[in-house]
Amino acid sequence: MVDALLALLATLGALAATGLLVQRAYKDRLLYLIAWSFTQVGLTLALLSMSLAFMMGFNGAFFRVMELGAALIGPVWLALGMIELIARYVQVRFGAWLFTISYTVVAIVILILDPLKGSLGKSLPKPSATYDALPLLLIDGAHVVAVLALAGCTGVTAWLASKRDQEAAELLIPVALVALAGVLVVSGTRGFLPAPLAVIALGAAAGLVWYGSMRTIPVYDEDGEGYDEYGDEPATGYEEQGYAKAAKAEPVPAPTPPGDSRRGELRFPEPASEELRYPENTSIPERPAYPAPADPAGPTTVDGPLGGPLDRSPLDRSPLAGLAKPGALGGELARACGQITVYTLLDGREDAFDRLAADLVKAALATEPETLIFACHEVVGAPTQRIFYQLFRDEAAFAAHRRQPHLQRFLGESRTHVISTNVIELKLGPAKVPLPAPEFPGR
């Protein structure tokens with residue numbers, strides 16, 4: 001009876017943790033939370049079967065549910081969620097999903113259909129005394145894969161954190177907690193622990209999985225609306241960030257707090273003293289000399305598009321004239337193209353995203369000479385939004401930018417900070433480019 005009561009308490013705790021995690025996975029739609037939800041469901045069903053079996057006696061149904069939930073689904077899907085959280089290469093994550101789904105389906109069929117041996121009572125049965133060789137081999141394989149994956153992910157995260165990787169440092173404690181949960185799941189289903197300790201191990205594992213998932217990203221606001229406060233669907237892949245045939249979408253309007261009249265206003269984050277805003281070799285194209293017209297106002301000095309002064313006559317008032325070739329329709333900007341990307345970030349991840357964005361901006365401006373504008377804006381009144389404005393001299397420059405390693409690194413490392421992205425593709429047409437000023441002889 002003591003074992004049954006302990007198992008019932010552990011079941012109630014695991015059920016509460018499962019409900020919270022499933023609710024969060026439904027709102028966030030993050031794949032690692034979905035995988036850990038499968039783990040929680042498996043552990044909860046296993047504890048429920050154990051609590052009923054301690055009171056009524058074990059039978060084939062209770063034993064199979066216990067083994068499927070805790071010994072198979074629990075550790076395998078826990079390791080899958082860890083790989084989905086840690087791996088920065090889509091090939092690794094895809095391979096992990098393919099293996100986990102295939103292994104789970106095959107093992108479930110065999111564990112259900114394979115006949116049991118021995119007699120069952122109210123005491124906790126040992127798998128080695130109840131299953132034949134093939135089911136035991138599948139369970140052992142699941143445990144080996146889970147332990148290796150959890151240990152490997154924890155080691156990689158600790159190594160990256162020692163190299164001052166900010167994202168890895170933030171994930172180190174949650175990863176360690178989830179890895180400990182995996183150890184408890186495996187130890188509680190091997191048949192080596194007495195019944196009370198096995199129940200405590202599985203219940204503690206369910207609690208650690210829930211707590212570890214809560215530490216990966218900040219919790220929700222009290223309004224219950226989740227992080228996607230603008231109604232966006234989550235997007236984390238490269239395609240959703242607009243670098244591979246991105247769908248054109250309107251930017252997300254930022255909500256205006258009461259009393260704030262600056263809705264939608266853009267401002268640059270304050271740069272560090274060493275931040276490089278523009279490449280050092282950037283220079284404004286020289287403009288050919290024109291006969292000075294008879295103008296009583298004389299020449300006028302204006303600010304050029306890159307911050308330097310430009311002298312021009314009253315007949316040439318276009319702010320982009322310093323970048324346009326006189327005598328050509330549209331000049332060099334006639335082929336300019338780019339995109340605006342609106343990022344909606346997870347609450348609390350702004351600083352981590354801004355560090356990655358600052359590195360990307362400096363690298364793009366310093367190493368890509370055909371980049372005209374590359375900037376990241378904050379949005380006043382919407383602290384979780386960032387807007388990238390990018391303009392390149394032509395399609396070839398834009399295509400070359402997509403292949404840059406600093407861009408691929410940014411896309412991979414910013415994935416865990418972003419809820420959604422909206423992309424607007426830009427192409428500067430002739431109507432947007434200043435024409436050369438006409439000449440009026442004798443005027």
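Patches are made of residues with over 30% relative accessible area and no salt bridge, with like charges joined within 9 Å and nonpolar side chains (Val, Leu, Ile, Met, Phe, Trp, Tyr) joined within 5 Å. A salt bridge is a side-chain nitrogen of Lys or Arg within 4 Å of a carboxyl oxygen of Asp or Glu. The model is predicted: local features need pLDDT of at least 70 and side-chain atom pairs pLDDT 80 or more, whereas totals for chains, interfaces and linings use all residues. Residues are numbered from 1 along each chain as its sequence is written, and side-chain values use heavy atoms, with hydrogens and water left out.

**View 1. A nonpolar surface patch is formed by V22, V41, L45, L48 and V65.** The patch covers about 350 Å² (Shrake-Rupley method, 1.4 Å probe; for residues, only the protein chains shown count as cover). Helix 2 (residues 31–56) gives the most to this patch, with three residues; helices (H or I, at least four residues) and strands (E, at least two) are DSSP runs numbered from the N terminus. L48 is found in helix 2 and has a relative accessible area of 38%, so L48 is partly exposed (buried is under 20%, exposed over 50%, partly exposed in between; 1.4 Å probe, protein chains only).

**View 2. The side chain of D165 approaches two backbone nitrogens.** D165 lies in the loop between helix 6 (133–162) and helix 7 (166–189), and is buried at a relative accessible area of 16%. A polar atom of the D165 side chain lies 3.1 Å from the backbone nitrogen of E167, and one lies 3.0 Å from the backbone nitrogen of A168. Leaving aside neighbours within four places in sequence, D165 is in contact (heavy atoms within 4.5 Å) with R88 and L160.

**View 3. The rings of Y343 and F353 form a tilted pair.** The structure holds 16 aromatic pairs (rings of Phe, Tyr and Trp, the last by its six-membered ring, with centres within 6.5 Å; planes under 30 degrees apart are stacked, over 60 edge-to-face, the rest tilted). For Y343 and F353, the centres are 5.2 Å apart and the planes stand at 50 degrees. Y343 lies in strand 4 (residues 337–345) and F353 in helix 9 (residues 350–367), so the pair ties together parts 10 residues apart in sequence. Both residues are buried.

**View 4. The rings of F388 and F410 form an edge-to-face pair.** Their centres are 5.6 Å apart, with planes at 65 degrees. F388 belongs to strand 6 (residues 382–392) and F410 to helix 11 (residues 405–413), 22 residues apart. F388 is buried at 1% relative accessibility, as is F410 at 2%.

Key:
Polar contact = N/O pair within 3.5 Å; in protein donor to acceptor, adjacent residues only side chain to side chain.
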